[in-house]
Amino acid sequence: MNLPEGMLPEMSVVMVTPDHYETVRKTIRYLREQTVKDRLEVVIVAPSADELGIDELELKDFPQVRVVEVDRISSTGGAIAAGLRRASAPVVAYAEEHSYPDPRWAEALIQAHRQPWAAVGGVLANANPGSMISWASLLTDFAPFMEPAVAGETDSLPWHHAAYKRAILLEYGSMLQTMLETEGILHRDLRARGYRLYLEPAAKSHHLNISLLSSYIRAELHGGRLFGAARARYGRWSILRRLLYIGGMPLIPLVRLWRILREVRGPGRPSYLLLRALPPMILVLVAHATGEVAGYAFGAGNSAQCRLTFELNRQRHVAEHDRQAGAEKVSEKVC
């Protein structure tokens, strides 16, 4: 399928694979079920176009497909930024290889972006609800954005689950990579610049969550360190302020836990899971806080690269019963 000459797609969907097409195949199949697939451009970022092994038959329904070759994927934010810069639509979304959008996901994002929102985020459902660690992971990362949610203007959006007006993101220039790595900082900066954010519950995706405890702890350690480093760097924190936050480390998991409990008690939320999900959730909130203070003290280190496996190869970090049939169990170096 090809767009008429001179016509642009309405939304570009960026996907990232650290190796082959097979890694993103499942999400691509969900994109093929979109009600507006004829208005979507698919942008696949990969280390090698020759070794990608693209399935042209599966992609034929999209009016435009681009493959963006990068020498080396060293961070999720860098890979997404590379795809965004090559995208052609005025609105750009990132689709994770472990998140499976409902058929109206793209339509809802496109419709919402006809208003002057800089970014529009969707809501998340649990794609592997049989594990308490999976629920703990969803709660710690996305409690305010779980279904059901209320549409409206908001101060923040779920990381990696938002669509942006491309022209606004390009204003960040060389900073774009880092902003997309820690989207909480991006959302704060957008609001500081006078832009507005919107949560659209009709843009729903089913999120596959980490359900192996060892992986969950490591992912949160690295995520916390990235966030702490970015927060201190872009806030231009003084040494005194860094020391104050490092000293307040015991309070960080308590504050986050209180916020999660407040969110999960909302109408329709799975509050009945709290007692069973609480032990792994508390353990990981402490791990995230430990990483956060390490970021305040020492910077991000190699956490962006260490976090890649959790973000781009999620199948390696779910329990056996959550695993796709035939998915390979891979041993890897532990950061």
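User: Is S134 buried or exposed?
Analyst: S134 is buried, since its relative accessible area is 0%; buried means under 20% relative accessible area, exposed over 50% and partly exposed in between, with a 1.4 Å probe and protein chains only. This is a predicted model, in which local features need pLDDT of at least 70 and side-chain atom pairs count only at pLDDT 80 or more, while totals for chains, interfaces and linings use all residues. Residues are numbered from 1 along each chain as its sequence is written, and side-chain values use heavy atoms, with hydrogens and water left out.

User: Where does S134 lie?
Analyst: S134 lies in helix α6, residues 132-142. Helices (H or I, at least four residues) and strands (E, at least two) are DSSP runs numbered from the N terminus.

User: Which side chain does the side chain of S134 make a polar contact with?
Analyst: That of N209, at 3.3 Å. A polar contact is a pair of N or O atoms within 3.5 Å; within protein, one must be able to donate a hydrogen and the other to accept it, and residues adjacent in sequence count only if both atoms are side-chain atoms.

User: And which residues is S134 in contact with, leaving aside neighbours within four places in sequence?
Analyst: N126, N128, N209, I210 and S211, where contact means heavy atoms within 4.5 Å.

User: Turning to the backbone, which residues does a cis peptide bond join?
Analyst: E147 and P148, with omega at about -5 degrees. P148 belongs to the loop between α6 and β7 (152-154). Most peptide bonds are trans.

User: What is the phi of H160?
Analyst: H160 is not a glycine, yet its phi is positive, about 65 degrees. H160 sits in the loop between β7 and β8 (162-165), and its relative accessibility of 4% is why it counts as buried.

User: And R236, what is its phi?
Analyst: R236, also not a glycine, has a positive phi of about 55 degrees. R236 lies in the loop between α10 (213-234) and α11 (239-247) and counts as exposed because its relative accessibility is 77%.

User: How many helices and strands does the protein chain have?
Analyst: There are 15 helices and nine strands.
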